[in-house]
Amino acid sequence: MSGLVLYGVALFFALSAWHFARGRRTNPRAIARYSCYATALLAAALLLLAPPTVQAADRLHRLGIAPALPVLLGDTLRIGAACAIRLLAGVLRDPELPRRAVRRQLALLAGVLGVRAVLFVAAAPGLDASDLTAAPSAGARLALAGYTAAGVLYLAYCLTALLRQLARLARAAAPGRQRSGLRLLTLSLVAGLLWNAWGVDDVVQAAATGTQAGAEDALCGVLGLLCVALLATGLGTTVWPAAHAAVRGWLRAHRRYRALAPLWRDLHTVLPEIALAPASRLPLLPPRDPQFALYRRIIEIHDARLILRQHLDPRTPQWLAAATSRFPPSAARADATAEAAALAAALERAAAGARPNPDTPRTAPAAEPPHALGPDLESEADHLAHLTRVYATCPAVAEVRARARAAAPSPSAPDPDPVASPVR
């Protein structure tokens, strides 16, 4: 596969690792943990072993670093991913995998890495473009061949273990999407085994010529693409629907959160005390948890509305009647226009520093009719988003705001006797 394709595959594995990591936080299971380890290590390995990355390693000579070091690191990460695959096979067979089984696999991993490190040093390899070349002696060629063979055998061992467990689960699964996904994942491992078996050609080439090709031949590239395509399709059938739903929910909550920004910003400017907690991120960055941020923003808006009940202006209905005669709202916007106008007028009085009437407590029903909250967070967010759009764009509301700003009393003057205003 070309370098750009390998970078794309690495991105796919990185996104899969991110998804498994999120699943591990919400449902800490060994399956999600080892799946996350395997995909993250594979993503890092592919980034290091891609031909453009290996070719760029020639510049390491200037820093006094062996140019073949990225190849060693990439191969090491790939072997680590294979170990995670082997442990994943173990937890698929036994969810309560004994610690001694984990330690045994880790000990085997350490042994394989140790043997490969010794053989790598004995081969004293260099780089020729993207090809790994051993020292000219026969011992160095055999060391490079042994280094490659150890990786091929260990990968075959780990992939075979996972293949057996996935085939067993596919046979036991009921007909449907899960069985289809498991079968596709099983086929991807078969293609992966064939892809890995083609590495025997690299072993023979290393022993004969002392060179391990960095670029893959046509058949090896086809097997790699087939493996990745089947893996992506299998994950798309079994894993990614839930991930797609999570991403869609994140985007929907983020869109609602942003839709409330104009109203919240004006309220927060006049009433900074409504903020439940100071922002711990840059303003332009999206919130880490937009669902919680949306809930908090709704609470802060309602807190501001409770405070503004003390500043409701009894002249708002007259101002609104005059404004709507010039700018009549649609039937769908009539209620929201009245609500937004009363809110804008009260906000202007609060911004001017007008002293609230002490005879009007915040929760007095005469000051504002009780607000009927929506049945869930989404419906309440949709109502406030609609209110925000009217508040920010309706010319009748803008005219009421201008009149309230012009008529706002001095800070020492109390509010007039409040009259019921059409704030929802």
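Tutor: Buried means under 20% relative accessible area, exposed over 50%, and partly exposed in between, with a 1.4 Å probe and protein chains only. This is a predicted model, in which local features need pLDDT of at least 70, side-chain atom pairs count only at pLDDT 80 or more, and totals for chains, interfaces and linings use all residues. Residues are numbered from 1 along each chain as its sequence is written, and side-chain values use heavy atoms, without hydrogens and water.

Student: How many residues of H14 are buried?
Tutor: In H14, 15 of the 18 residues are buried, so this helix is largely enclosed by the rest of the structure. Helices are DSSP runs (H or I, at least four residues), numbered from the N terminus.

Student: What follows H14?
Tutor: Gly353 follows, and its phi is positive, near 80°.

Student: Turning to H7, which of its residues are buried?
Tutor: Among them are Gly181, Leu182, Leu185 and Asn196.

Student: And what should the span of H7 be?
Tutor: The 21 residues of H7 (177–197) should span 30 Å at 1.5 Å a residue, and the end C-alpha atoms are 30 Å apart, which agrees. The expected span is 1.5 Å times one less than the number of residues.

Student: Changing topic, which residues form the positive surface patch?
Tutor: The patch is formed by Arg93, Arg99, Arg100, Arg103, Arg104, Arg164, Arg168 and Arg171.

Student: Is Arg100 buried or exposed?
Tutor: Arg100 counts as exposed, because its relative accessibility is 57%.

How values were computed
Helices (H or I, at least four residues) and strands (E, at least two) are DSSP runs, numbered from the N terminus. Patches are made of residues with over 30% relative accessible area and no salt bridge: like charges are joined within 9 Å, nonpolar side chains (Val, Leu, Ile, Met, Phe, Trp, Tyr) within 5 Å. Accessible areas come from the Shrake-Rupley method with a 1.4 Å probe; for residues, only the protein chains shown count as cover. A salt bridge is a side-chain nitrogen of Lys or Arg within 4 Å of a carboxyl oxygen of Asp or Glu. Lys and Arg count as positive and Asp and Glu as negative; His and the chain ends are not counted. The place of a charge is taken as NZ of Lys, CZ of Arg, CG of Asp or CD of Glu.
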